[in-house]
Each structure stands twice: as structure tokens, then as C-alpha cells.
Amino acid sequence: MKLLVVGGGIAGLGAAHRAVEVARERGIALELTLVEARERLGGSIASEHTDGFLVEAGPDSFLSEKPWALALCRRLGIEDRLVRTDDRFRKVFVWHRGRLHPLPDGFQLLAPTALLPFATSSLFSLTGKLRMALDLVLPRGGGDDESLGAFVRRRLGAEALERVAQPLVAGIYTADPDDLSLTATMPRFIELERTQRSIILGLRRGLRRAPLPGTSGARWSLFVTFAHGMEELVTTLAGRLPAGAVVLKQRVNGMQREAGHWRVTTAEGGAFVADRVIVATEAHATARLVRYLNPALATLLEEIPYASAATVSLGYRRADVPHALDGFGFVVPRTEGKALLAGTFSSVKYPGRAPEGHVLIRGFLGGMLNAAILTEDDETLVTRARDEVRAALGVTAAPVLTRLHRWPVSMPQYRVGHLTRVETIDRRVATLPGLTLAGGAYRGVGIADCVHSGEAAAERTLS
């Protein structure tokens, strides 16, 4: 079987690697080619080692409670290269009225679970606290898919949305919570309301239960990464593919069926013939490839919007940072009017991110609610990030390291009705023999989700 994988991000690499595994298990003679438009593999995953700092250009970790990335690491034999977060500093701060307030202990993403820390928190007003407590007596509501913003307002009130849910969601999805599909992103909360009625009570009851087998368990923290950077996953996967399977700097721009096979062409003049094709590119790129094969499918793919983002990594001497840095970082509500969406204390969260006597702080900018900021030039973005880090942490000294990375149209937005659209996309794809789609545009944007999407595509393709 000739298999062509289009796209060398983590979904494409996961698909290619799983295809090799499945072919070996089932005795299938596989001729694999992976085509990537850029000069390197990994998509948004890129790690830089410089002067003792370890800078992540894109994702800095993956979720261990979603089992697929961790299971892949085990099969690759690289689980021993993983490191967990330093859970002495699990605190997260919220920027409110010019200073950082700790998110109360026991706050589970959207709602509180511990009474005393919540009651004494400086982050919420008395009115806001009482409105959140109303969740304890509110009846079930909702019905069809609703936005995360509507859900939080209904259950917990506007203050919970503006000061916690919106900035946390912006840090994860770079999204507007009033557009974001709750069903597609956080179905756990729908299930909590359905089965427990109260979100707060449901979360509290859930904390009393032991971790489910196969989730993060005792060994791993919720977020894990590689000791030498996330790019370790990319290089390991690439190294397990057959020699000569990877073709770089070839941008696929055409696909057509010919005599029961796929003919795939590139803008650089390349051509490939394959029995099966897995397309693991962004939805807007995939739409261009299938426009003449199935216009309705192309339209559905184009309807999945994308946000742009940028990261600014700043290295400082520890003595120049007055803040205790006793947490993983901070998030910034949109109501604060800042350029930053969030900031991570990278060298606190994970070991080996900064040399002795230094710290590494990474800021995030852009997203759906502040797309205009990314029209600024690089120097302006860095200056804005430095100014706001100064305001948040009291840093007046110049950084000893600065890195800016831009990620245009890179974050898929799961708007209300997203899963219905994805189911329709699946039905359209099924009419094209030998074609499968994978990637973060469909059923999860994280590293673990993309691994799962790629591996599932490979298994369907070789079934």
C-alpha cells in the first residue's frame, strides 16, 4: 500500500508513525511518504537551547490526563525523558485592577470547590461571590450546544466569566467565550450539570473520587513536558519513520483521483501517486486541496475559523525580578485592556528552562479578542510585552534574552455547533475513497488530541 501523509505537524507525524506500527502488526507492505511544506517538521512545536535557556516557540507541554500522547511516549520508549510540573508552585494569578491576585485554592477552571479560600479571595467582590454560590440552588438548564460564555453567566454569573473563565479560556483556546462551543471544548461541565445539577457540588464530589485508571495518576502531573524541550517528541517520531519517507519544502496544492489512485501535486513541481492519503493540515489549507473534489466539503472546512497568536519569551536575572514567582503564571482578563493574554513562569513551572540565577517568563498575545495587536511590528510587540511584565512583576531591568515567535492563523476556533459541522465533514469525506483527515481542527486542539486524531486516521486508513 502506498500511503501519503500531507502535513508534518504532530498530527501528521502521529499518523505516519502509527501507520508504520499498524502495517508491522498486520503484515501490510507499506510504502510511506510524508510531505511537509516547511523546511522542518513539528508544526508549532519548536524548542531552542541558548545560553542555558530552553525556549519553547509554541506548545510547552501536553495533558497527561488525555492518555494518547503519554501512551505514544511509552511506545516510543521515551517516557523517562518526561518531567512533571513543580507542584509546590501550582498557583495561578489573575491580573485585576493593576495587580496580580491568586486564583483561590480549589478553583477548578470555572468554579470554586473550597469554601474558605473562595470566601476570603481578593479577586471577587461580595456580590460576585454570592452570585457564584447561587449555582448551589439553581435548577438544570441549557439544552442544545451553548457557548461557554452563556453557560458560565447562567450558572456562575458575569464576574466569574470576566475574571476567570474568559482569561483561562483565552490562554487555552485564544477564543472568545461567547463563540466557543461548550460541547466541543468542555463537555465535562455539561455532564456535571446533567448528572449533579450544581457545577460546584459536582466538582467537589469529583475531587473525592480516586483518579480513573489510565489517567495521570500519581506519577505524572496534569501537564508534562520533555526535559530537553517538546521538540524531543518531534525528532523521536521522525527518527522512527522509514528512511527517505519525509519530503520537506514541498507544498501540496492539488489532489485528484486517477484510475483508482490519488495523484497529489506540489507547488514546487513534485508529484506523488498513492492508494490512500491522510491530510493533516489546517482546515483552511485542507479546504483548498479538496475544493474541486467536493466543493461542499471545502465550504464546511473554510467555516472553521482560526485565530493568530504570538509568544514573547523574556529571560531575566532572578535578582532583577521582585515578584516571588510563586506560581505557574498569570492570566489577563480582556476587561483589563492589556496586550498580554497570559504569562507563564516557565522556569518555575518546569526544571531546566533557565540557567542558575535566572528566570524565563513567556507572554502570549493575540487571539480572537485581540487580533489587532498582531498587526504591530516585532519591536512593538516585544516592547508591549516587556512593559506589561514590568507592571505585573515589578521588573525594571532589561531582559538578558528576548525571543518572539508568531503563529498566524494557527488556532482553530470551535464555535457553537462545531461538532455538528465535524460530523457533516466526516460524511463528506466518506464519499472520497482512500481520503482521511486529521488535525486540531476537528475534535481537540491539544498535543494529545492531535496525536489521537493522527493515530485514529492511520488506523482507519489501514483497516
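Contact here means heavy atoms within 4.5 Å. The model discussed is predicted.

Q: Which residues is glutamate 193 in contact with, leaving aside its neighbours within four places in sequence?
A: Glutamate 193 is in contact with Pro139, Arg140, Gly141, Phe151, Arg154, Arg155 and Ile199. Glutamate 193 itself is found in helix H8, residues 187–196.

Q: Why does glutamate 193 count as buried?
A: Buried means under 20% relative accessible area. Glutamate 193 has 5% relative accessibility and therefore counts as buried.

Q: Why are H11 and H12 called roughly antiparallel to each other?
A: Helix H11 (residues 283–290) and helix H12 (residues 295–302) pack at an angle of about 165°, with their axes 8 Å apart. Angles over 145 degrees count as roughly antiparallel, and the term therefore applies to H11 and H12. Their contact is made by Ala283, Thr286, Ala287 and Val290 of H11, together with Pro295, Leu297, Ala298, Leu301 and Glu302 of H12. These residues divide into 7 nonpolar, 1 polar and 1 charged.

Q: What is the handedness of the crossing of H11 and H12?
A: The crossing of H11 and H12 is left-handed.

Q: What makes helix H16 largely enclosed by the rest of the structure?
A: Of the 15 residues of H16, 11 are buried, so the helix is largely enclosed. Among them are Ile447, Asp449, Cys450, Glu455 and Thr461.

Q: How do you know that the span of helix H16 agrees with its number of residues?
A: At 1.5 Å a residue, the 15 residues of H16 (residues 447–461) should span 21 Å. The end C-alpha atoms of H16 are 21 Å apart, so the two values agree.

Terms used. Residues numbered from 1 in each chain as written. Predicted model: local features only at pLDDT ≥ 70, side-chain atom pairs only at ≥ 80, totals over all residues. Heavy atoms only, no water. Axes fitted to C-alpha atoms, helices over the stretch in contact; angles between N-to-C directions. Helix = DSSP H or I, 4+ residues; strand = E, 2+ residues; numbered from the N terminus. Parallel < 35°, antiparallel > 145°, perpendicular 65-115°, else oblique. Left-handed = near helix turned anticlockwise from the far one by under 90°. Nonpolar A, V, L, I, M, F, W, Y, C, P; charged D, E, K, R; others polar. Expected span 1.5 Å × (residues − 1). Buried < 20%, exposed > 50% of the residue type's maximum accessible area, 1.4 Å probe, protein only.
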